[in-house]
Amino acid sequence: MAESHFLDEPGEPSPADPLAPLAPLGPLGPEAVAVAVAVPVMRAQTRWHLLLRRPTFGVGGGILLFWVVCAIFGHLFAPDNPLAQQLLSANAAPSGSHWFGTDPLGRDVLSRVIVGARDILVITPLATVLGTILGTALGLAMGYFGGAIDLIAGRLVEAVLALPAVIIAFLFIVALGPSTTTLIIVIGLIFTPLIARTVRAAVLTERNLDYLSSARLLGEKPGRIMFGEILPNVMPAILVEFTVRLGYAVFAVATLSFLGFGVQPPTPDWGADIAANYSGLLAGYWWQTLFPALAIASLVTSVNLITDSIEQVLNA
């Protein structure tokens with residue numbers, strides 16, 4: 001039988017054939033792009049749902065929301081004018097006409113507590129935001145560049161942290177004068193080295209990872225790498241640090257006002273009202289100090305509950 005010399009027609013290579021050429025990798029299709037975008041969105045939504053389910057977050061958020069409403073609309077539903085003096089009603093105990101009693105000048109304590117939330121809820125977020133921005137920028141630079149920048153900035157941070165925060169605040173306030181702007185600047189600068197230290201530690205764990213090596217090989221500039229590549233990955237640590245410092249800012253503002261370097265009388269302020277009336281405890285006028293103190297405690301507790309919930313969800 002004659003041997004056939006016909007050549008087999010080329011067909012599609014079998015997927016199992018090891019010699020089969022690989023299909024060229026083309027651009028991602030719309031389905032792949034949608035999946036790549038949806039994954040981080042789904043993770044964020046899952047974390048948000050977990051956060052909303054936590055009872056501590058609900059309690060803390062409810063208390064904080066109450067004080068935010070008081071800060072914005074408190075002057076509308078305060079029972080009396082917080083600045084109005086009624087000497088005939090001075091040192092009146094809590095009653096139906098004055099639920100939280102009155103102070104030595106006859107001013108309604110409840111009204112002063114409600115309206116007093118305004119300044120503290122303006123100063124504390126702005127000061128914390130300022131400290132977070134400056135501290136994040138400084139911590140990114142220290143952690144990414146290292147070397148002389150880390151050494152010099154680290155020594156300055158240690159020198160600032162070695163001094164009592166109250167002493168630093170006193171120096172700035174005496175130089176600039178007590179005002180809302182001064183308090184925001186002073187507290188923000190005090191928080192800057194604390195936040196920078198936390199951000200630096202987070203950056204050090206990211207600095208030698210593969211994605212940063214790839215970014216350097218692609219020729220990306222340091223600023224783009226720090227704020228475009230590293231910052232999103234250390235954002236959870238920054239968020240937790242922000243909420244922690246927010247609680248400390250409440251104490252800082254109240255302490256400075258108590259010592260006479262914060263919000264000045266007769267403006268309603270929790271710390272200043274405690275300072276003006278705490279001597280009345282010996283005379284039995286406990287309500288003049290108790291209710292502003294409870295307001296401070298409730299606000300700090302709400303921030304701490306929110307902080308704990310956020311930290312637990314991010315670490316889950």
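This briefing covers helix packing and aromatic pairs. The model is predicted: local features need pLDDT of at least 70, side-chain atom pairs count only at pLDDT 80 or more, and totals for chains, interfaces and linings use all residues. Residues are numbered from 1 along each chain as its sequence is written, and side-chain values use heavy atoms, leaving out hydrogens and water.

**Helix 7 and helix 8**
- The axes of helix 7 (residues 210–217) and helix 8 (residues 222–258) come within 11 Å and cross at roughly 170°; axes are lines fitted to C-alpha atoms, for helices over the stretch in contact, with angles from 0 to 180 degrees between N-to-C directions.
- Helices are DSSP runs (H or I, at least four residues), numbered from the N terminus.
- The two helices, helix 7 and helix 8, are therefore roughly antiparallel (angles over 145 degrees).
- Y211, L212, A215 and R216 of helix 7 contact I225, E229, I230 and N233 of helix 8 (heavy atoms within 4.5 Å).

**Helix 8 and helix 9**
- The axes of helix 8 and helix 9 (residues 270–277) come within 7 Å and cross at roughly 40°.
- A254, S257 and F258 in helix 8 meet G271, A272, I274 and A275 in helix 9.

**Aromatic pairs**
- The whole structure holds 9 aromatic pairs (Phe, Tyr or six-membered Trp ring centres within 6.5 Å; planes under 30 degrees apart are stacked, over 60 edge-to-face, the rest tilted).
- W67 and W270 have ring centres 4.9 Å apart and planes at 65°, so the pair is edge-to-face.
- W67 lies in helix 2 (residues 55–77) and W270 in helix 9, 203 residues apart.
- Both W67 and W270 are buried (under 20% relative accessible area, 1.4 Å probe, protein chains only; exposed is over 50%, partly exposed in between).
- F100, Y285, W286, W287 and F291 form one aromatic cluster.

Methods:
Angles under 35 degrees count as roughly parallel, over 145 as roughly antiparallel, 65 to 115 as roughly perpendicular and the rest as oblique.
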